[in-house]
Amino acid sequence: MDGRPLYLEPRLAPRLGSLLAATGTLHTLSDALGSPLHVVVPDQIAENLDGFRSVYRTHHLSGQVFFAHKANRSSALLRRLATTDAGVDVASLGELQHALGAGFTGDRITATGPKNPEFLWLAARTGVTVSVDTTAELDQLAALVRAHALAPVRVLLRLSGFETPGVRVLSRRSRFGTPVRELDALLEAVERHGDAVDPVGVAYHLDTTSVAEKATALEGCLAALEACRSRGLRPRAVDIGGGFGVSYLAEREQWEAYTTALTSAVLGRRPPLTWGGHGYGLREESGTLRGALGLYPAHRPLAGAAYLDELLSRPAASLGGRPLAALLLEHLYDLHTEPGRALLDQCGLTLARVLEVRAQETGGELLVRLAAKADDIALEDHGVLMDPVVVPRSPTGSLSGSGPVAVHLLGSLCLETDLITRRTVFLPRRPEPGDLLAFANTAGYVMDFHATRAQHQPAARKVAAWQEGDLWRWCLDELFWPTTPSGGSQ
Ligand SMILES: *Cc1c(COP(=O)(O)O)cnc(C)c1O
């Protein structure tokens, strides 16, 4: 192995750390239910919700936290959340049906994203708040309400394309939402459809880590609410979407050392750190570095509820420099949030069995083949670089695994590109066939968003696990209900 190992160790909160330490249980589970296997931890999502709630309390704000369902299909997580005061943000007919079936009533649900007529009808029928993307969608919804003699539907007007005068912070382009400069036309449509829709407020969702961009958007929303009020409308809420993020890694130093080494490798100053010299967006052109690192910032000083706190504490440049939270409070606006990834932080892990460990003829990294496809552990799709944890088959670990090794993690498809990771992964000991690799913190987007049944290989099963004293108990995800014996809710 060239040089020192470059570890990217996962950050483990106590609950997930305890599950990872229950190695006997993890092996029993994967023996019974196969590899790969997803394990979700419903009690953690309730704890994460408390984190968001405490930020609301700090700023004296009311409003709802809507879990963005698209980040995980799990029934257990959703049903556990139904026992709290959280809402859910659904982005398809299937997600809406799932949320209703998990015990959420329409007043705890918002519908966002691209909508087909069936989705719109069921949302309107069950009293869901609809986040409207365009004037055309508003027209369609109003027509549906009239045709089916439904009660007026609460709508949020999703906006995009915010700008702060003077300050050159432009929000990124979005295919969703109405550009703020077209707000007047949208409000005219709202007035036209006064019999069919109830405009409760405005919304945005930006897929960015930048607090400044989101502060600009929130300021833009406050201005849009003023525009509503000046027309005699009575909006009462701002929905600031999701994107609060997760910090995946335990150590900032490891992240910095890794990205520095990756840059050197791309420049040819050290041996490659990836399969086929892949640069994660970086490339070398006549001795200089080009491109941009297309990776999730795996170590984040500010993520989740703390990120929301920071955003709310930001001064509103165009509105007298007062904190955004103070402006929301002054107008008694409800603050709605739609965290997906952040509510799923530490809510699960993915197990994959080691099938083969092979040395290459040319030496170098070991090839480790797993009983899993890359789409079952979609870390690469989301640019998240994080090491798996070796869960040895035998309690004492194997004798050959005395020191660190560099490996490539290969998937089980008959496809050159089926790589669980495109980078070289460093492990503290050599894994053996029969060991499990546990990928921590995979509940947000990594578990099932990309899952396929390619080559007749099954998609991973999912189980829900909870603690009973020192014991970890579990059941199939779809069998978990808040009444499951000690199934989380206590
Ligand atoms: C995806 C999405 C979210 C959740 O985003 P995260 O980054 O997972 O927090 C929230 N709202 C809308 C409208 C979305 O499309």
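Gln 346 is buried in this predicted model, with a relative accessible area of 2%. That is under the 20% that marks a buried residue. Gln 346 sits in the loop between strand E12 (334–336) and strand E13 (348–358). Its phi is near 65 degrees, a positive value in a residue other than glycine.

Another loop, between helix H2 (23–33) and strand E1 (37–40), holds Pro 36. The peptide bond that joins Ser 35 and Pro 36 is cis, with omega about 0 degrees.

Helix H9 comes next. It covers residues 211–230, and at 1.5 Å a residue its 20 residues should span 28 Å; the end C-alpha atoms are 29 Å apart, so the two values agree. Of the 20 residues in H9, 14 are buried, so the helix is mostly covered. At its start, a side-chain oxygen of Ser 210 comes to within 3.4 Å of the backbone nitrogen of Ala 212. After H9 comes Gly 232, with a positive phi near 90 degrees.

A search of the whole structure finds 1 cavity of 30 Å³ or more. The largest cavity has a volume of about 40 Å³. Its lining consists of Thr 112, Ser 131, Arg 158, Ala 203, Tyr 204, His 205, Asp 239, Gly 241 and Glu 338. By type, the lining residues are 2 nonpolar, 4 polar and 3 charged.

Conventions. Residues are numbered from 1 along each chain as its sequence is written. This is a predicted model: local features need pLDDT of at least 70, side-chain atom pairs count only at pLDDT 80 or more; totals for chains, interfaces and linings use all residues. Side-chain values use heavy atoms; hydrogens and water are left out. Helices (H or I, at least four residues) and strands (E, at least two) are DSSP runs, numbered from the N terminus. The expected span of a helix is 1.5 Å times one less than its number of residues. Buried means under 20% relative accessible area, exposed over 50%, partly exposed in between (1.4 Å probe, protein chains only). A polar contact is a pair of N or O atoms within 3.5 Å; within protein, one must be able to donate a hydrogen and the other to accept it, and residues adjacent in sequence count only if both atoms are side-chain atoms. On a 1 Å grid over the protein atoms alone, a cavity is a set of points where a 1.4 Å probe fits but cannot get out, and a pocket is an open set with protein on both sides within 12 Å along at least five of seven lines; lining residues have an atom within 4 Å of a point. Grid points are joined across faces, edges and corners, and a volume is the space filled by probe spheres set on the points. Ala, Val, Leu, Ile, Met, Phe, Trp, Tyr, Cys and Pro count as nonpolar, Asp, Glu, Lys and Arg as charged, and the others, Gly among them, as polar.
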